[in-house]
Amino acid sequence: MRLIFLGPPGAGKGTQAGLVSQKLGVPQISTGDILRDAVRAKADLGLKAKAFMDSGALVPDDLMLALVQERLEKPDCQKGFVLDGYPRTLPQAKALDRMLEAERQKIDAVVFIDVKDEVVVWRLSRRRVCPGCKALYNLDANPPRMEDKCDECGTALVTRADDSEATIRTRLKVYRNETLPLVDYYQAKGVLKTTAGEGTVEDIFTAIMEELSEVGQV
Ligand code: AP5
Ligand code: MG
């Protein structure tokens with residue numbers, strides 16, 4: 001299955017995309033994680049992307065298209081993938097359509113997870129992430145066993161540079177202006193599946209899997 005996870009920052013895209021990718025046995029492609037790894041490695045892409053990310057802005061489309069094209073060409077994407085954080089603009093969505101059409105492929109479903117702004121601010125202010133295995137935690141809803149260490153791999157947990165309240169609010173504005181129009185774009189294509197993002201991680205996962213079971217073999 002070829003899936004897109006769409007929604008505001010903090011909606012739980014990474015959390016749910018990770019569970020769905022495990023369940024379906026296809027890779028989770030988080031453009032945010034790829035960019036953060038490039039920033040940490042001081043790679044060319046990271047040097048170009050860092051200032052945009054730190055301010056809560058989007059990284060320019062041309063950089064994102066090249067990144068996603070390269071990733072989707074890898075053999076592990078042949079049977080499907082779960083895109084987490086891409087596309088984020090109409091030009092990105094149209095470029096993805098062209099990439100897939102060239103391979104006679106298409107997106108099977110777009111999982112749109114929505115949550116209120118105040119929930120986003122609370123969730124992201126309390127988020128900790130593992131820079132090693134990318135596990136996600138929340139100090140209230142899903143705390144690690146030891147406050148500063150990843151349960152999965154023992155790496156020291158970090159707070160994302162863009163998880164300050166001011167930057168979260170900028171990201172929400174950018175989301176509304178640039179990414180929200182994709183809801184109509186995918187609705188018109190008949191592939192949009194909307195899920196309420198407030199509730200337990202398990203309940204939301206169950207609701208998403210039910211939606212996906214109507215689309216095909218999951
Ligand atoms: P990206 O990394 O994609 O960030 P984002 O879209 O802002 O979303 P988040 O990762 O913050 O939230 P999420 O929805 O994944 O939620 P999570 O599961 O972590 O992008 C970062 C930056 O990179 C962008 O701002 C941009 O600069 C750049 N970028 C990336 N892709 C790009 C693109 N395509 N084009 C241009 N630029 C791009 O959950 C959040 C928290 O809530 C966690 O603590 C989690 O444990 C907790 N939580 C999850 N579910 C629940 C629940 N049900 N109940 C309670 N807590 C929950
Ligand atoms: Mg994420």
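These legends describe close-up views of a predicted model. Residues are numbered from 1 along each chain as its sequence is written, and chains are lettered from A and ligands numbered from 1 in the order in which they are written. In this predicted model, local features need pLDDT of at least 70, side-chain atom pairs count only at pLDDT 80 or more, and totals for chains, interfaces and linings use all residues, while side-chain values use heavy atoms, with hydrogens and water left out.

**View 1. Strand E3 and its two partners.** Strand E3 spans residues 81-84. Strands (E, at least two residues) and helices (H or I, at least four) are DSSP runs, numbered from the N terminus. Strand E1 (residues 2-6) runs parallel to E3, joined by 4 bridges. Ile4 has Leu83 as its bridge partner in E3. Strand E2 (residues 28-30) also pairs with E3 in the parallel sense, over 3 bridges. Two strands pair if DSSP finds at least two bridges between them.

**View 2. The two faces of E3.** In a regular strand, side chains alternate between the two faces of the sheet. Phe81 and Leu83 lie on one side of E3, Val82 and Asp84 on the other, and all are buried. Buried means under 20% relative accessible area, exposed over 50%, and partly exposed in between (1.4 Å probe, protein chains only).

**View 3. The shell around ligand 1.** Ligand 1 is surrounded by 35 residues, each with a heavy atom within 4 Å of the molecule. The closest are Thr15, Ala57, Arg127, Tyr137 and Arg171. Helices H1 (13-24), H2 (31-40), H6 (117-125) and H9 (201-213), plus strand E6 (136-138), each supply at least two shell residues. H2 gives the largest share, 4 residues. By class, the shell has 16 nonpolar, 11 polar and 8 charged residues. Ala, Val, Leu, Ile, Met, Phe, Trp, Tyr, Cys and Pro count as nonpolar, Asp, Glu, Lys and Arg as charged, and the others, Gly among them, as polar.

**View 4. Polar atoms around ligand 1.** An N or O atom in the Thr31 side chain is 2.8 Å from a nitrogen atom of ligand 1. A polar side-chain atom of Arg36 sits 2.9 Å from a ligand 1 oxygen. Gly199 places a backbone N or O atom 2.9 Å from a ligand 1 nitrogen. The protein covers 96% of the 1000 Å² of accessible area that ligand 1 has on its own (Shrake-Rupley method, 1.4 Å probe).

View 5. The structure holds 0 disulfides, a disulfide being a pair of cysteine sulfur atoms within 2.5 Å. The Cys130 sulfur is 3.5 Å from its closest cysteine sulfur, in Cys153, too far for a bond. Cys130 is buried, at 2% relative accessible area. Cys150 is in no disulfide either; the nearest cysteine sulfur, that of Cys133, is 3.7 Å away. Cys150 is buried too, at 4%.

View 6. The Tyr86 to Pro87 peptide bond is cis, with omega near -5°. Pro87 lies in the loop between E3 and helix H5 (90-102). Lys42 has phi near 55°, a positive value in a residue other than glycine. Lys42 is in the loop between H2 and helix H3 (44-55), and is exposed at 63% relative accessibility. Arg104 also has a positive phi, near 55°. Arg104 belongs to the loop between H5 and strand E4 (109-114), and is exposed at 82%.

Key:
Polar contact = N/O pair within 3.5 Å; in protein donor to acceptor, adjacent residues only side chain to side chain.
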